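Keep the sequence at hand.

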Amino acid sequence: MCRFLVFKGTHPLILSKLVTEPSHSILTQSYDSRLRLDKRRPVNGDGFGVGWYTEAHLGTYPCIFTSTLPAWNCVNLERIAPKTCSRLIFAHVRATTEGSLAENNCHPFQHNSLMWMHNGNIGGWKYVKRPLADSLDDNWYLGVHGGTDSEWAFALFLDTLEKEGVDPSSEPTNGFGQNILRRAMRKTIAKINAFVKAIPAHHNLDDVETRSLLNFAVTDGHTVIVTRYVSSKTDAAASLYYSSGTDWVEGKTKGQFKMERRDKASDVVLVASEPLTFERHNWLSVPTNTILTICNQTVFVRPIKDEFYDPDPSAERSSNFAKAQGLVTKAPGGGQPKQPASSVVAAADAELTPKLRKSVAVRVEEQSDDTENEAAV
């Protein structure tokens, strides 16, 4: 399917340091996706997109550049990336599952200050599309310009925000807040699951693939919400990793970047479908069926406690479904044993040296997503 990347930093970073220069950059992943095992469609060459937020005096809306060209073949990307910098960047390379090859089907999608992208699929989409569309208020229904399940999911998220009493078209000074965005994301996933669950009875079908892979990313320019999710209690989700530290720097060898950790600060946070480096200790796997939040440069990881949540630390998740979709990983995070969020992150964190372990600013929380009060690390 696709690959995406999120960067959030205290200081602007040049786009090329993420998108084109690293040896395993998102551009490289468009034609050399190491963790993509779907040999039927081994490249992510059906277009790409990059979105970033500019300085405040230029407005709150992100700037988005999309193209139907493969990322590796776009000279304009090579020209723009070294001359563009931002504190918050989304990047996405596409392999089509729904929707034609067109710019309005390329991620990220945007509504005012909100930006969205997706890696995965909605199960039984051709049966879900109509009821999902019918559930939307007119302004969100009419705002869909492409044909992807990803953009319709964004419309559902916007509709959910509005029904939570928040105007998605407003521009709060400090964004909508992590609790509101996370709650809307959780409810969006629940609604998608409900639409999919109704397929067999409504259409008298029992042979439709109803499992969904919902790795979503959304931001309002301040807070970032990312999910790693599969609508199954026995299958692993599409791969997702994160890394945090004080600086993202290039080593002595050209293209060999690394995450520096000089103290406990998370001045740089990266979230990616595939690590941008091959240094295992730089990256932690996001546990299956969790929501990762970046707020004030602190990473919060919370489980999504729904019908597909499994608190049993001995239960294993199969990688077969994600593998069939070309979304599994051979590194940590593919078909690993399913554990509570705190156990998984703790296990991955244990691989770090004591010095590095002390410098990773991550808060793992087991409480319900409805909990409003959170303490920063």
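Helices (H or I, at least four residues) and strands (E, at least two) are DSSP runs, numbered from the N terminus. The model is predicted: local features need pLDDT of at least 70, side-chain atom pairs count only at pLDDT 80 or more, and totals for chains, interfaces and linings use all residues. Residues are numbered from 1 along each chain as its sequence is written, and side-chain values use heavy atoms, with hydrogens and water left out.

Start with the open sheet. Seven strands build it, in the order β3-β2-β4-β1-β12-β9-β13, with antiparallel pairing. Its edges are β3 (63–67) and β13 (284–285), each of which pairs on one side only. Pairing here requires that DSSP finds at least two bridges between two strands. Within the sheet, β9 (residues 241–245) and β12 (residues 268–272) run antiparallel and share five bridges. Ser 244 stands opposite Val 269 of β12.

Now turn to β14 (290–295). How many of its six residues are buried? Six of the six are, so β14 is largely enclosed by the rest of the structure. Buried means under 20% relative accessible area, exposed over 50%, and partly exposed in between (1.4 Å probe, protein chains only). Thr 290, Leu 292 and Ile 294 point one way from β14, while Ile 291, Thr 293 and Cys 295 point the other way; all are buried.

β14 has antiparallel partners. Six bridges link β14 to β15 in the antiparallel sense, and Thr 293 has Phe 300 of β15 as its bridge partner. β14 and β15 form a hairpin with two residues between them.

Two asparagines deserve a look. Asn 289 is not a glycine, yet its phi is positive, about 55°. Asn 289 sits in the loop between β13 and β14 and is buried, at 1% relative accessible area. Asn 296 also has a positive phi of about 55°. Asn 296 lies in the loop between β14 and β15 (298–303), in the turn of the hairpin. At 67% relative accessibility, Asn 296 is exposed.

One more loop calls for attention. His 107 and Pro 108 are joined by a cis peptide bond, with omega about 0°. Pro 108 lies between β4 (85–93) and β5 (109–111).

Finish with the cysteines. A disulfide is a pair of cysteine sulfur atoms within 2.5 Å. The whole structure holds zero disulfides. Cys 63 is partly exposed, with a relative accessible area of 33%. Cys 85 is partly exposed too, at 45%.
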